[in-house]
Amino acid sequence: MKTTEDNGPAPLPQIGRLTLQEVWTCLQMGLADFKRAPAFGLFFSAVYVVGGFALLAIGAGHVTWTLATALGFPLAAPFAAVGLYEVSRRLEADLPLKWSDVLGVIWAERGRQIPWMGAIIVIYFLFWTFLAHMIFALFMGVSAITNVSTDLSILWTAPGLRMVAAEVIVGAVLAFLLFSLTVVSLPLLLEKEVDFVSAMILSVQTVRQNLGVMLVWAAVIAGLTFIALLPWFLGLVIALPILGHATWHVYRRVLYDPR
């Protein structure tokens, strides 16, 4: 799978230009990959959805935690999609799709760079939940933290609406930053022997050089994810595989090997 094994790190690919038409094409290719290997897509997305239910169960009855989870949980989606990247890579290369092979590749990554990215995403999510609680307290006051769990009407007051707006805006900024760090770095780490810091830097540079198109792609991901979240995360069973596969194709189109 990796481009180099014993010869040191692989050279970094070059950044190309991505068009809006290519984003649409990648989304269609993501849907096609999901249709070709639906069992894998449903499996990896189900793990993600179960994790969402688990987090909600931990903070059951506490609106502050529920808001933080609903807005921040999609931050973990890039890491959850690693298995989907491997499926798309195999489909692209006409390699056999065996559970043992796909899961074996993911297991083999435990001693490489991707776990470091996973750790960053987890820390990022924990920071977001802390920040979400701080925003809630700043707008609603400490007393509201205990009352809102039994009376949701407080969220429809002027302070409550301002709090929700602040949560969404801050969450969007943090989400786009994480998007910039991971949009091509995770697929790159899966395919090539590259250190995670270089991969993140390259990912940010890729977003910067294709800012308009990447903003659209981030908006597509956010929009579809939000819609999929509404029926208690269940829509993610379909949306996550399509977006995960599509992200692989975005990576393949925007980065190229100059050799």
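Is Glu191 buried or exposed, and at what relative accessibility?

Reply: Glu191 counts as buried, at 13% relative accessibility. Buried here means under 20% relative accessible area; over 50% is exposed, and partly exposed lies in between (1.4 Å probe, protein chains only). Some ground rules come next. This is a predicted model, in which local features need pLDDT of at least 70 and side-chain atom pairs count only at pLDDT 80 or more, while totals for chains, interfaces and linings use all residues. Residues are numbered from 1 along each chain as its sequence is written, and side-chain values use heavy atoms, with hydrogens and water left out.

Now the partner of Glu191. The side chains of Arg252 and Glu191 meet in a salt bridge, 3.3 Å from N to O. This pair links distant parts of the chain: Arg252 sits in helix H13 and Glu191 in helix H10 (residues 185-191), 61 residues apart. A salt bridge needs a side-chain nitrogen of Lys or Arg within 4 Å of a carboxyl oxygen of Asp or Glu. Helices are DSSP runs (H or I, at least four residues), strands are E runs of at least two, and both are numbered from the N terminus. Arg252 itself counts as partly exposed, at 37% relative accessibility.

Arg252 has another salt bridge, to Glu92, at 2.9 Å from N to O. Again the link spans distant parts of the chain: Glu92 is in helix H5 and Arg252 in helix H13, 160 residues apart. Glu92 counts as partly exposed, with 38% relative accessibility.

Follow helix H5 (residues 82-92) back from Glu92. There, Arg89 forms a salt bridge with Glu86, and the closest N and O atoms are 3.0 Å apart. The two are three residues apart in the helix, so about one helical turn separates them. Both Arg89 and Glu86 are buried. Glu86, Arg89 and Arg90 are linked in a network of salt bridges. By this rule, six salt bridges are counted.

Next, the nonpolar side of the picture. A nonpolar core is a set of buried Ala, Val, Leu, Ile, Met, Phe, Trp, Tyr and Cys residues joined through side-chain atoms within 4.5 Å. The largest one holds 59 residues, and Met214 and Trp217 touch the most other members. Helix H13 (residues 236-254), which carries Arg252, gives the most to this core, with ten residues. What does Met214 touch, leaving aside neighbours within four places in sequence? Its contacts (heavy atoms within 4.5 Å) are Leu18, Phe176, Phe179, Val183, Thr206, Val207 and Val250. Another core lies apart, with five residues, including Ile135, Phe136, Met140 and Ala166.

Leu215 belongs to helix H12 (residues 211-229). Leu215 is partly exposed, at 43% relative accessibility. From Leu215 to Phe179 is 36 residues in sequence and 9.8 Å in space, C-alpha to C-alpha.

Aromatic rings come next. Rings of Phe, Tyr and Trp (its six-membered ring) pair if their centres lie within 6.5 Å; planes under 30 degrees apart count as stacked, over 60 as edge-to-face and the rest as tilted. The count comes to six aromatic pairs. For Phe40 and Trp99, the centres are 4.1 Å apart and the planes lie at 25°, so this pair is stacked. Phe40 lies in helix H2 (residues 38-58) and Trp99 in helix H6 (residues 99-108), so the pair ties together parts 59 residues apart in sequence. Phe40 is buried, at 6% relative accessible area, whereas Trp99 is partly exposed, at 37%.

Trp116 and Phe196 also stack, at 5.8 Å centre to centre with 5° between the planes. Trp116 is in helix H7 (residues 114-140) and Phe196 in helix H11 (residues 196-209), so parts 80 residues apart are tied together. Trp116 is exposed, at 52% relative accessibility; Phe196 is buried, at 17%.

Back to Trp99. Phe40, Phe43, Phe44 and Trp99 form one aromatic cluster. Phe43 lies in helix H2 and is partly exposed, at 36% relative accessibility.

Last, the chain as a whole. Its secondary structure comes to 13 helices and two strands. Buried residues make up 46% of its 259 residues. Among contacts between residues at least 6 apart in sequence, 78% join residues at least 24 apart.
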